[in-house]
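Here are my notes on this model, point by point. Please read them with the structure open.

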Amino acid sequence: MLHNKQRSFTGKRGLSAMLVLLLSLAVVMSACGKKTDDTKAPASEEGTVVAEYKDGKVTDKEFDRYISFMSIVNPSAEAYLSIEGMKEQFLREYVGYKILYSRADDKAKDAASADVKTFVTQFEEAAKSDADMKAKMDKAGLSNDDAEWFYRMIITVMENSEQSVKDEEIKAIYDKAPTDFNNVSLRHILIGFKDPSTGEEKLKKEDALKKAKEVKAELENGGDWTELAKKYSDDEGSKNNGGLYENQAPRVWVEAFKNAANKQEVGKVGDPVETEYGYHVIKVEKRDTRTWEQVPEDMKKELRQSMSTDNLNKFMSEELPGLITKIELPKEEAADKTDGSTDTSKDSGQAGTDTDAEKKEESTTK
């Protein structure tokens with residue numbers, strides 16, 4: 001959806017699958033408070049040491065349970081772990097999360113515990129009803145208690161990271177580009193360079209521009225947006241809705257599309273705007289400015305999460321390497337690679353937008 005390419009969750013990467021899992025789980029789980037004391041990592045004293053870091057270590061049995069957990073809560077993880085070098089990346093990220101968990105304060109742990117009870121209930125019910133899941137758990141020696149610990153660790157780290165972001169840091173983003181937070185409603189028709197279903201070239205630039213100008217002329221001559229969007233637009237997100245994007249903040253759109261949303265004369269069909277997706281014929285129907293106080297709370301929360309992710313990525317890429325003293329994974333047999341566990345997925349679109357959370361995933365996924 002013409003999303004801007006930015007951060008990701010994951011590094012989100014480096015934080016790749018971990019962050020994606022993190023965000024997805026955080027959204028899915030509802031609050032249902034329970035305070036639970038910290039416990040040691042599962043199987044932390046059993047097996048061969050595969051990683052050592054300042055003040056701690058990870059054994060192969062502990063790590064096997066961790067990647068089993070990841071593959072269960074994020075099914076695409078197994079395919080992701082089959083990529084060469086990815087298992088070591090997951091081990092490094094796991095070490096990073098253990099370190100960050102040890103640094104988390106009680107406020108973050110209390111906040112995270114609200115999600116844990118719901119997670120545990122759902123996980124245990126799934127284990128009872130899903131034979132494949134149970135078999136995977138048994139193979140790795142993963143218990144419900146282990147799963148609870150991994151989940152608590154991840155959610156606590158996220159909570160602590162978000163709580164560490166100051167309000168003034170969030171407002172600084174607004175102050176830098178207040179028009180990114182305008183409230184805009186617009187219609188557009190995308191004449192794409194590529195076929196959205198195959199990704200193959202559909203039109204050369206000059207042909208796409210010619211078609212876009214023809215569409216603009218039809219609209220200026222009284223053409224119906226609903227009819228023409230269905231007929232011509234390659235934006236699957238809006239073509240069946242008259243090309244409408246309503247009450248959106250331009251910050252989520254790619255630069256050229258964002259500029260048109262913020263600067264184009266309201267009520268007039270503008271000249272075709274080129275982006276990496278193709279040429280857009282745009283009509284801005286409404287554009288209202290917002291003060292910081294008028295910015296919706298959910299948007300401010302997204303900013304906080306985005307900064308939190310950036311901070312986690314920075315820790316993983318800059319500080320963590322200096323804390324790890326040993327990484328020694330046994331070489332895997334090719335046949336065993338498919339038994340692993342972890343992945344990152346990404347939402348995509350073609351209307352000119354890419355949210356902060358999506359920015360999180362850019363390094364590991366498209």
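**Notes on the predicted model**

1. Start with the core. The largest nonpolar core has 45 residues. Val58, Tyr66, Phe69, Tyr94, Val95 and Phe123 have the most contacts inside it. Such a core is a set of buried Ala, Val, Leu, Ile, Met, Phe, Trp, Tyr and Cys residues joined through side-chain atoms within 4.5 Å. Buried means under 20% relative accessible area, exposed over 50%, and partly exposed in between (1.4 Å probe, protein chains only). At least two core residues come from each of β1 (49-53), α2 (60-73), α3 (77-81), α4, α5 (106-129), α6, α7 and α12 (297-323). The most come from α4, which gives nine. Helices (H or I, at least four residues) and strands (E, at least two) are DSSP runs, numbered from the N terminus.

2. Basis and confidence. This is a predicted model: local features need pLDDT of at least 70, side-chain atom pairs count only at pLDDT 80 or more, and totals for chains, interfaces and linings use all residues. Residues are numbered from 1 along each chain as its sequence is written, and side-chain values use heavy atoms, with hydrogens and water left out. The mean pLDDT (the predictor's confidence in each residue, from 0 to 100) of the chain is 83, and 80% of residues reach 70 or more. Residues 3-37 are below 50, yet this stretch has 168 contacts (heavy atoms within 4.5 Å) beyond near neighbours in sequence. Residues 354-366 also stay under 50, with 72 contacts beyond four places in sequence. Where pLDDT is low, the predicted coordinates should not be read in detail.

3. Val58 and Lys98. Lys98 is found in helix α4 (residues 86-103). At 12% relative accessibility, Lys98 counts as buried. Its contacts beyond four places in sequence include Ala41, Tyr53, Glu62 and Trp149.

4. Asp146. This residue is in helix α7 (residues 144-163). Asp146 is buried, with a relative accessible area of 8%. Its side chain makes a polar contact of 3.4 Å with that of Arg65. A polar contact is a pair of N or O atoms within 3.5 Å; within protein, one must be able to donate a hydrogen and the other to accept it, and residues adjacent in sequence count only if both atoms are side-chain atoms. Leaving aside neighbours within four places in sequence, Asp146 is in contact with Pro42, Arg65 and Gly141.

5. Aromatic pairs. The whole structure holds 16. Rings of Phe, Tyr and Trp (its six-membered ring) pair if their centres lie within 6.5 Å; planes under 30 degrees apart count as stacked, over 60 as edge-to-face and the rest as tilted. Phe193 and Tyr279 are edge-to-face, with centres 5.7 Å apart and planes at 90 degrees. They lie 86 residues apart, Phe193 in the loop between β3 (183-192) and α9 (205-220) and Tyr279 in strand β6 (residues 278-288). Both are buried. Trp253 and Phe257 are also edge-to-face, at 5.1 Å and 70 degrees.

6. Charge over rings. Lys300 has its charged end over the ring of Trp292, 4.4 Å from the centre. Lys109 lies over the face of Tyr101, at 5.2 Å from the ring centre. The criterion is NZ of Lys or CZ of Arg within 6 Å of the ring centre and within 35 degrees of the ring normal.
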